[in-house]
2 protein chains.
Amino acid sequence: MTTVIGTDPAGGRPVVPSRGDRRPLGLNEVTVTGGLWARLQETNASATLAHCERWMERLGWLANFDRVADGTTGPERPGWSFSDSEVYKLIEAMCWEHGRSGAPGLDESIRRLTARVGRAQDADGYLNTCFGHAGRPPRYSDLEEGHELYNTGHLLQAAVARLRTSGADELVDLARRAADHVCEVFATDGICGHPEIEVGLAELGRAMGESRYVEQARRFLDRRGHGTLRDIPLGRAYFQDDVPIREAATFRGHAVRALYLSAAAVDVAVELADDPLLHAIERQWEHAVARRTYLTGGMGSRHQDEGFGEDWELPPDRAYCETCAGVASIMVSWRLHLATGDVRYADLMERTFYNIIATSPRSDGRAFFYANPLHQRTPGTPGDDSAVSPRAEGGSRAAWFDVSCCPTNVARTLASWHTYLASAGERDLTLLQYAPSRITTDLTGGRFAIEVDTAYPDDGAVTIHVLSAPRDPVALRLRVPPWASGAVLDDGGGQREVAPGLVAVGRVFTAGETLRLRLPLAPRFTWPDRRVDAVRGCVAVERGPLVLCAESLDLPGIRLDDVAVSPAGLIERDGQVLAQARAVAGAGSAWPYGPASASGSGDAFELPLVPYHRWAERGPTAMRVWLPVSGGGPPRA
Amino acid sequence: MTTVIGTDPAGGRPVVPSRGDRRPLGLNEVTVTGGLWARLQETNASATLAHCERWMERLGWLANFDRVADGTTGPERPGWSFSDSEVYKLIEAMCWEHGRSGAPGLDESIRRLTARVGRAQDADGYLNTCFGHAGRPPRYSDLEEGHELYNTGHLLQAAVARLRTSGADELVDLARRAADHVCEVFATDGICGHPEIEVGLAELGRAMGESRYVEQARRFLDRRGHGTLRDIPLGRAYFQDDVPIREAATFRGHAVRALYLSAAAVDVAVELADDPLLHAIERQWEHAVARRTYLTGGMGSRHQDEGFGEDWELPPDRAYCETCAGVASIMVSWRLHLATGDVRYADLMERTFYNIIATSPRSDGRAFFYANPLHQRTPGTPGDDSAVSPRAEGGSRAAWFDVSCCPTNVARTLASWHTYLASAGERDLTLLQYAPSRITTDLTGGRFAIEVDTAYPDDGAVTIHVLSAPRDPVALRLRVPPWASGAVLDDGGGQREVAPGLVAVGRVFTAGETLRLRLPLAPRFTWPDRRVDAVRGCVAVERGPLVLCAESLDLPGIRLDDVAVSPAGLIERDGQVLAQARAVAGAGSAWPYGPASASGSGDAFELPLVPYHRWAERGPTAMRVWLPVSGGGPPRA
């Protein structure tokens, strides 16, 4: 709908399709004024960005660029082959944050990091600190695992963020040279084992008005799935080189790879009016969401390959649910929403925001979950904030990881979070997420400005004050989440119940008027489909968009393993959700299989449930989202 | 009890402790005369041994030895660093098979392979085709992953088999030189990332009367657990270098590593009268069997590290249950039985024999399961017998694997299977496993010979004919499996019910008399402990020692995912076990979590159940051991 070349008049947005049902709002159009997401954004700005830069300096990932520039590369090099991408993702996060808050120190940081990166660029545009220099393997000598184009893709995304928030500068120039180099070298063949260049090229193509880049992204997409990458023990599905993307039935293999690739496919489909490609991704999303997605919105069932498992393979204890896969899932869903206008994509985004994105960072913004399991059997050990965690598990947030993709991914997502809050059509503004916020955007007919006042998700009341409105009729549309049966809207003409989906109020609005939406937030039991084998006989509790969990910290004297809940009732007292539970007696035997035996039950007690996104915040703890039900309980068809 | 130096008068046995409660019987003392295990042994002899040699020749794993001998090694080398061990395990299997059947062709094969291996041995005893020669990494330059001592350990086990079945020869000589070399190089420090040298040294020490070797095994054991190996992303628990073996609470980390190490620990504990060490392994076995073992006896819950998971982490679909871990579990349990006389170790061995060892080989002995999951969601693709399988999964037995440890491990276990059938004390013979067989052994007081006539496990009747007996009283003891409540023994003095455990008939026996044991084999429902989260709300069906399963092949028109059984009744008709079942209706929805919904049930039908160890034998199929129960069903305390 809007092709943006140069600075984005909306103040910058991660995705700007030139076609599609919906127009994304920019950093200038939306402000989050309070609540959970404002806190997360502030912590990201004040703590996480500097934290990430400090770690990359400490580990030598930044100095890798200096060594290329100084000609001092050699066989030893700190970091994995994809460490460059962390620098780019940090710069991207700084760009969005700079666009959001205008903090002048950030602009200087971006320039400083850009200068350091830029010195490492070769004359022909190649830019990589792991390959292609003295003592290092040759350029593009390991397409399967080398991550060269993956790194470049993140460079391009950083440049897009810079261009849209501040305009063309050195970062944009060096990204353009890198993109031109990629187009030249990969004109006729070759793909990267880790998709990402595709989405970077597509967005840079949009931001710069360079259709060549979009076309190159299409080439990469269509080359994939024909087994040109070397086979590996995990199989070519790991990097989606098993089946062409237009033919695949579902997301599969390494989850981040699958989702970055799918995000690019939506971009390319939209730019090139390639409806079959768009429909292919819609179908794959539908399949994966119906059968390969956790209650939290998390994706990725296996540690072994950080990948999707088979349909219905959703173990809570070994759930991988990588934070980055949550970021990537949001990238895909947002693009699908913009392309189709369908609100179910925003439903999944809300779930993922509250239960994956908000779960990863510690409240101080200086430690992160990488994997997001739904069951921790034994309390982890306290994280050591001075150490690099070698593993994406353990039950505690870690300051940094050996493979540290998640912190910078969280940072760039939080810095741009408010751009996912709403979308616009020519004559409508659609509220997708609820947070205290101000939104001002120009519709056909004039400026529409609203202020949203809410304590959501703690409270279900959402009050919308109209600050200014076009003279002509427009629609204010509100997303009613699928769980919100019984939601009530007062649009000025009295209260009425509104069904989940989109409710539209279309008329002439006047400054000063107020609309009120009430979303029912009573805690509710949620049952799994009977085919989710790993949680059969269990129930979860949700409250609004929040998945809740039980922590052993709240169970002095009772083992979490011994707790069974009665699905009869939930209590909410002083803002605390409590489930009626009993401790099952019985110590087990030498062999854990045998004839049925009656198991005694201890006294009834009230099991406190807390938001999953804050689990382990109070210290190491065992944790369960899915709670065994006394007596089994009803399955879902 | 018996120290054997040189050829074993009993004809050869895998384990010969010099102390302990029980005496193992040798190849000369036991013959399996028919039934399942005779078939498996015959197929192993007639097909598997040659199959393994052919693959190792084809892939160049045998030629690796020639290249060392010829001085033509270089950077390229086929196979992993542990491929030498496959040759040694094949030789070991050939030795046991030669001892069992006396086939003259085997002796020639052993000599031929030995000569080829021997040419690659360095003057100082070092023998490895991956390290330490031109173009290869230096000796012992990668203790974590290099598998050098692991390879040597398997060489020693092969030599032990040769020595005990045929006497000293070139193979024994070169093993002795290799062992001496290890004792010299590793006198004061160093351990191998993959335990195995320990059990090889302990057994070679016993077989040759060389206490130095046992002492070196003890050193390796005590050095371990202090973090001398490099930390790795999977953690040092992966190779049991996290906690000293005397202090560990349970088996953990990589399952084969943990179990080979534990087998060695029992050997060392027995030889050095180190009761605390023995008790440490007993404790770890108890813990792992109570909380980390599958219904099949399988061990290893994770693909990621081929390892034990946490307590109660026993997913059926992603069960690893590596065939080699089954072999290693038998090594540990057998040693613990011999050391303590406790029959519960034989209980687990039976379970593992019927449901892991017998499961791996295809009926033609030319393809194998590597992992043994208890749930296959979708039918695999048919195995390609001409290809090396890159993966330890997929639902079909594979002719050979990239990491092909399992086929030769199955081969050496099957060739010596009958030596696990019984054990002896000074005045007792104890029958541990039931198969058509003849057993002749010398007790204090004279020769005791029996013939066992049975169709077990198809039929529960076991008839024991006494062929000859000492004049003095001796005991014939029979293991009654833990599931065999209601077993009946007629020991000549009338029928009486006997409880699970050991039943002893102690008196003077006379040639010609007959004892009859009847084990109840009605199929039975088996429930999991309530803490085995992954199979909550499911039940399994067992019949005698056999775990049964449902295969989608038997379900035309019904999806296995849709089947729920009623725990009310099992039917046995014409030798076929059938469970009362219904197909649950309901196609599922776009989001698989929500309020409880009634799910319709289709018509009742009878679900055929087949022995798990034959699953996928008829072709690719979905499969379940744990069957969802309509209504949930009772958990176990």
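This is a predicted model: local features need pLDDT of at least 70, side-chain atom pairs count only at pLDDT 80 or more; totals for chains, interfaces and linings use all residues.
**Figure 1. Domains 2 and 3 of chain A, seen where they meet.** Four residues from domain 2 of chain A and five residues from domain 3 of chain A take part in the contact. The size of an interface is often given as the accessible area lost when the parts come together. Between domain 2 of chain A and domain 3 of chain A, the buried area is about 400 Å², and carbon and sulfur atoms give 59% of it. Within domain 2 of chain A, the residues that lose the most area to domain 3 of chain A are A:P457, A:D458 and A:W483, which together account for 91% of what that side buries.

Figure 2. Most residues other than glycine have a negative phi, and most peptide bonds are trans.

**Figure 3. A positive phi at A:Q240.** A:Q240 is a residue other than glycine, yet its phi is positive, near 55°. The residue A:Q240 is found in the loop that lies between helix 8 (211-223) and helix 9 (255-271) of chain A.

**Figure 4. The open sheet of chain A and the helix that lies across two of its strands.** Five strands of chain A form an open sheet with mixed pairing, in the order 1-6-7-11-14. Strand 1 (23-24) and strand 14 (501-507) of chain A stand at the edges, and each has a single partner strand, so one side of each is left without a neighbour in the sheet. Strand 14 of chain A pairs with strand 11 (residues 474-480) of chain A in the antiparallel sense, over seven bridges, and within this part of the sheet A:L476 has A:V505, in strand 14 of chain A, as its bridge partner. Helix 11 (residues 323-340) of chain A lies across strand 1 and strand 6 (422-424) of chain A, and runs at about 30° to strand 6 of chain A.

**Figure 5. Helix 5 and helix 6 of chain A, packed against each other.** Two packed helices are described by the angle between their axes and the distance between the axes. For helix 5 (residues 148-166) and helix 6 (residues 170-185) of chain A, the axes come within 9 Å and cross at roughly 140°, and the crossing is left-handed. Residues in the contact include A:L155, A:A159 and A:L163 of helix 5 of chain A, together with A:L171, A:A175 and A:V182 of helix 6 of chain A. The residues of this contact divide into 13 nonpolar, one polar and one charged.

Definitions and conventions:
Residues are numbered from 1 along each chain as its sequence is written. Chains are lettered from A and ligands numbered from 1 in the order in which they are written. Side-chain values use heavy atoms; hydrogens and water are left out. Two strands pair if DSSP finds at least two bridges between them. Helices (H or I, at least four residues) and strands (E, at least two) are DSSP runs, numbered from the N terminus. Contact means heavy atoms within 4.5 Å. Axes are lines fitted to C-alpha atoms, for helices over the stretch in contact, and angles run from 0 to 180 degrees between N-to-C directions. A crossing is left-handed if the near helix is turned anticlockwise from the far one by less than a right angle, and right-handed if clockwise. Ala, Val, Leu, Ile, Met, Phe, Trp, Tyr, Cys and Pro count as nonpolar, Asp, Glu, Lys and Arg as charged, and the others, Gly among them, as polar. Buried area is the accessible area (1.4 Å probe) that two parts lose on being put together, summed over both.
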